[in-house]
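The following paragraphs are meant to be read with the model in view.

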Amino acid sequence: MSKSLAVLHNVHVSYGCRAVLHDICLNVSAGEFWTVIGPNGAGKSTLIGLFNGLTQYDSGAVTYAGKAVTPQNAREARLKIAHVFQATDLDPKMPLSVFASVLSGTYGRLGLFRRAGQKEKKLAMRALDVVGLANLASRPIGQLSGGERQRVALARALAQEPEMLLLDEPTAALDWRAQRDICTTVAALRQEFSLTVVMVTHDLNAVFSLAQKVAMLREGRLLWQGEVQDAMEPKLLSTLYDVPIQIADCDGRKAALF
Ligand SMILES: Nc1ncnc2c1ncn2[C@@H]1O[C@H](COP(=O)(O)OP(=O)(O)OP(=O)(O)O)[C@@H](O)[C@H]1O
């Protein structure tokens, strides 16, 4: 049996007096690929922020590699866990090259007073190479397409040399080709670097093609969690999203239809 890496145990979260996550228990083992799905506002981004101490919790326990993680005590977890937000978070007006953006992924390890040296520069170039953007290294990030920017965000995360990747809607706002490219890149990165992945997504077809495990969140509660093949249940998905969903079989591949 694989080893638990990141664990949420009976976690409650509230923003002010509004409770947004209730009694969350999730056990992510090393090397697993989890997706977190559910309607808008269900608490998915809040949930994945627990793993690296971005989300403050009221009660329960969060651990990474057996050590407690809280926003006040998250440095170690943040070195090992890279968090990739939607690439729209990269300000296109920033006068920053693709390479400089990716290099910034190494800054966490370097700390405040050390500058990036040859080792970090090599790492950044390698990360760009892995996501297929080495030829755009000197391009300002403002001149990239949405799909390219998302790959820059992935490369920056890789330059951190993480054990675990948190992906928050990495294919949102991308066209079909770019969505497919990101999914293929994520799958390849996971294989090559033996990464543990937790991905929030609204793309059920990406879930079916990439994930091993699925957590379904509805109104701040885990409705269901388990193996991806058991998640492809029309009744379960219809309950989750409160809309009729069917599952089609296309040449052995599952696709969600509404
Ligand atoms: N910093 C914050 N302060 C107050 N409320 C917040 C904050 N961040 C999120 N919320 C609220 O918490 C709830 C859960 O938000 P969250 O972003 O985690 O949901 P989500 O499932 O990721 O949503 P979406 O699919 O729309 O991105 C929402 O009602 C949201 O308005």
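Leaving aside residues up to four places away in sequence, threonine 35 touches Met199, Thr201, Val207, Ala211, Lys213, Val214 and Ala215, where contact means heavy atoms within 4.5 Å. Threonine 35 belongs to strand 3 (residues 33-37); helices (H or I, at least four residues) and strands (E, at least two) are DSSP runs, numbered from the N terminus. Its relative accessibility is 0%, so threonine 35 counts as buried. Buried stands for under 20% relative accessible area, exposed for over 50%, and partly exposed for what lies in between (1.4 Å probe, protein chains only).

The model is predicted: local features need pLDDT of at least 70 and side-chain atom pairs count only at pLDDT 80 or more, while totals for chains, interfaces and linings use all residues. Residues are numbered from 1 along each chain as its sequence is written, and side-chain values use heavy atoms, with hydrogens and water left out.

Helix 6 comes next. How far apart should the ends of its 14 residues be? At 1.5 Å a residue, helix 6 (residues 146-159) should span 20 Å, and its end C-alpha atoms are 20 Å apart, which agrees. The expected span is 1.5 Å times one less than the number of residues in the helix.

Helix 6 is mostly covered, with eleven of its 14 residues buried. Among them are Gly147, Arg149, Gln150, Arg151, Val152 and Ala153. The buried residues of helix 6 pack against strand 6 (81-84), helix 3 (98-103), helix 5 (118-130), strand 7 (164-168) and helix 7 (176-193). Glutamine 150, found in helix 6, has a relative accessible area of 2% and is therefore buried. From glutamine 150 to glutamine 179 there are 29 residues in sequence and 9.8 Å in space, C-alpha to C-alpha.

One of the packing partners of helix 6 is helix 5. The axes of helix 5 and helix 6 come within 8 Å and cross at roughly 140°. That makes helix 5 oblique to helix 6. Axes are lines fitted to C-alpha atoms, for helices over the stretch in contact, and angles run from 0 to 180 degrees between N-to-C directions. Angles under 35 degrees count as roughly parallel, over 145 as roughly antiparallel, 65 to 115 as roughly perpendicular and the rest as oblique. In this contact, Leu123, Ala124, Ala127, Leu128 and Val130 of helix 5 meet Ala155, Leu158 and Ala159 of helix 6. The residues of the contact divide into eight nonpolar, no polar and no charged (Ala, Val, Leu, Ile, Met, Phe, Trp, Tyr, Cys and Pro count as nonpolar, Asp, Glu, Lys and Arg as charged, and the others, Gly among them, as polar).

Some backbone angles remain. Glutamate 161, which follows helix 6, has a positive phi near 50°. Serine 194, a residue other than glycine, also has a positive phi, near 50°. Serine 194 sits in the loop between helix 7 and strand 8 (196-200), and its relative accessibility of 57% is why serine 194 counts as exposed. Not counting residues up to four places away in sequence, serine 194 touches Glu163 and Leu189.

Aspartate 251 is in the loop between strand 11 (246-250) and strand 12 (253-257). Phi of aspartate 251 is positive, near 50°. Aspartate 251 has a relative accessible area of 82% and is therefore exposed.
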